[in-house]
Amino acid sequence: MVINTTYPAIVRSSNSIVMTSERMEERIGSQISIVYATGELDSAGAWQDTDSDTYFDVWVWVKNVGPARIIGEDQMDVFIGKNGSLERINYVDYAEGAYPNWTYTLENGTEWTNTVTLKITIHYSAALTTGTYVVKLITPSGAYDEHYFSF
């Protein structure tokens with residue numbers, strides 16, 4: 001009777017430890033660094049639709065600096081705003097036509113592996129006010145970084 005009651009508990013505990021270890025390994029292997037962020041500005045520093053897509057864009061370049069490939073780029077959480085008032089921005093496929101939303105492209109690779117840079121474009125229907133902003137990105141595995149920038 002002791003074996004019948006304790007063995008399932010031991011198996012459940014071991015499975016929990018293995019799953020936790022796998023999640024920690026994935027999180028440790030997933031590391032990102034925001035390299036640069038800027039708004040769609042003209043040479044004088046004023047908002048201008050420089051790429052003629054009818055939106056005012058903010059660009060964020062993010063490098064994978066960990067040893068693991070990061071998958072599910074469209075599942076990332078993207079937050080942006082002035083300090084203390086961040087707004088979560090939906091990926092374009094989940095935004096249901098609302099703005100702001102964001103898209104991404106890989107700059108120097110076909111998968112987001114180590115040393116590959118991801119360019120995130122946040123599309124706004126109107127220009128942002130000048131000031132200091134923070135952008136915070138969180139990958140599906142929980143790796144994150146934030147970056148302050150001004151315009």
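The following questions and answers walk through a predicted model of a single chain.

Student: Which elements does the chain hold, and in what order do they run from the N terminus on?
Tutor: The chain of this predicted model has one helix and eight strands. Buried residues make up 33% of its 151 residues. Read from the N terminus on, the elements run α-β-β-β-β-β-β-β-β.

Student: In strand 7, what is the bridge partner of D77?
Tutor: Strands of a sheet pair through backbone hydrogen bonds, either parallel or antiparallel. Here strand 3, residues 77-82, and strand 7, residues 132-138, run antiparallel and are joined by six bridges. The partner of D77 in strand 7 is I138.

Student: Which residues does V60 touch, not counting residues up to four places away in sequence?
Tutor: Leaving out residues up to four places away in sequence, V60 touches I34, Y36, A37, L118, K119, I120, I122, V135 and L137.

Student: Is W47 buried or exposed?
Tutor: A residue counts as buried when its relative accessible area is under 20%. W47 has a relative accessibility of 16%, so W47 is buried.

Student: What is the angle between the planes of W47 and F151?
Tutor: The structure holds eleven aromatic pairs, and one of them, between W47 and F56, is edge-to-face at 6.2 Å centre to centre with 85° between the planes. W47 and F151 also form an edge-to-face pair, with their centres 4.9 Å apart, and the angle between their planes is 90°.

Student: How many residues apart in sequence are the parts that the pair of W47 and F151 ties together?
Tutor: W47 lies in the loop between strand 1 (32-39) and strand 2 (56-64), while F151 lies in the segment after strand 8 (144-150).

Student: Which residues form one aromatic cluster with W47 and F151?
Tutor: F151 is itself buried, with a relative accessible area of 16%. Leaving aside neighbours within four places in sequence, F151 is in contact with residues including W47 and Y133. The residues that form one aromatic cluster with W47 and F151 are F56, Y133 and F149.

Student: What separates the C-alpha atoms of F151 and T38?
Tutor: Among contacts between residues at least 6 apart in sequence, 57% join residues at least 24 apart. F151 and T38 are 113 residues apart along the chain, and their C-alpha atoms are separated by 7.4 Å.

Student: Which ring does the charged end of K136 sit over?
Tutor: The charged end of K136 is 4.9 Å from the centre of the ring in question. That ring belongs to Y144.

Methods
Residues are numbered from 1 along each chain as its sequence is written. This is a predicted model: local features need pLDDT of at least 70, side-chain atom pairs count only at pLDDT 80 or more; totals for chains, interfaces and linings use all residues. Side-chain values use heavy atoms; hydrogens and water are left out. Rings of Phe, Tyr and Trp (its six-membered ring) pair if their centres lie within 6.5 Å; planes under 30 degrees apart count as stacked, over 60 as edge-to-face and the rest as tilted. Buried means under 20% relative accessible area, exposed over 50%, partly exposed in between (1.4 Å probe, protein chains only). Helices (H or I, at least four residues) and strands (E, at least two) are DSSP runs, numbered from the N terminus. A charge sits over a ring if NZ of Lys or CZ of Arg is within 6 Å of the ring centre and within 35 degrees of the ring normal. Two strands pair if DSSP finds at least two bridges between them. Contact means heavy atoms within 4.5 Å.
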